[in-house]
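Welcome! Let us walk through this structure together, one region at a time.

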Amino acid sequence: SEEVEDNVKPVPVKGPGEGKSIILVDHEDSFVHTLGNYLRQTGAEVTTLRSGPSTLRTIQKLVDDGKKPDMVVLSPGPGNPTDFELSKTMALLENNQIPGFGVCLGLQGMVEHFGGELGVLGYPMHGKPSPITLTEAGQYSDSIFNGLPETF
């Protein structure tokens, strides 16, 4: 039989976000706190900034100081993406090659920024699962959806 040392300590497992810096842009929605907590659970360092011109200046200063965030998450919020000038935020992320992730209003802002159109459904879909069907472009080998089924 093998002897086991009593003083052997387990090696701590790093989270997938360990060492990553994330800016969470708050568009005046209480869910921002839940999002921030989820992101922190990955091990990432999360800084929450209230949406507006000062946030854009802060992100640009981080880039200029060599502290570019690894990702910017755009939170949900009330109203429309234009209410928060999300296109200006998207332009800043594009210009500085910072990955962005949008949730609800944040995703809507990304859709509009890249030429998509938003509509209003005749029935609520908030929090309800629905099938996703990839467009032709979504099925290309260089798509982020590569390897997923056409409908899931």
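**A tour from one serine to the core**

S143 has a relative accessibility of 16%, so this residue counts as buried, the limit for that label being under 20%. Please keep in mind that the model you are looking at is predicted. You will find S143 in the segment after α4. Leaving aside residues up to four places away in sequence, S143 touches A137 and G138. With G138 there is also a polar pairing: a polar atom of the S143 side chain lies 3.0 Å from the backbone oxygen of G138.

Next, look at F152, which also lies in the segment after α4 (105–113). Its relative accessible area is 43%, so F152 is described as partly exposed. F152 belongs to a nonpolar patch on the surface, together with I132, I144, F145 and L148. Taken together, the residues of this patch have about 500 Å² of accessible area.

The largest nonpolar core holds 15 residues, and I23, I59, V72, L74 and I98 have the most contacts inside it. At least two residues of this core come from each of β1 (21–26), α2 (53–64), β3 (71–74), α3 (86–95) and α4. The largest share, four residues, is supplied by α3.

Not counting residues up to four places away in sequence, its contacts include V25, H27, L86, T89, M90 and F101. G102, V103, G106 and M110 are also among the residues that L74 touches. A second, separate core has nine residues, among them V32, L35, V73 and V103.

Terms used
Residues are numbered from 1 along each chain as its sequence is written. This is a predicted model: local features need pLDDT of at least 70, side-chain atom pairs count only at pLDDT 80 or more; totals for chains, interfaces and linings use all residues. Side-chain values use heavy atoms; hydrogens and water are left out. Patches are made of residues with over 30% relative accessible area and no salt bridge: like charges are joined within 9 Å, nonpolar side chains (Val, Leu, Ile, Met, Phe, Trp, Tyr) within 5 Å. Accessible areas come from the Shrake-Rupley method with a 1.4 Å probe; for residues, only the protein chains shown count as cover. A salt bridge is a side-chain nitrogen of Lys or Arg within 4 Å of a carboxyl oxygen of Asp or Glu. Buried means under 20% relative accessible area, exposed over 50%, partly exposed in between (1.4 Å probe, protein chains only). A nonpolar core is a set of buried Ala, Val, Leu, Ile, Met, Phe, Trp, Tyr and Cys residues joined through side-chain atoms within 4.5 Å. Contact means heavy atoms within 4.5 Å. A polar contact is a pair of N or O atoms within 3.5 Å; within protein, one must be able to donate a hydrogen and the other to accept it, and residues adjacent in sequence count only if both atoms are side-chain atoms.
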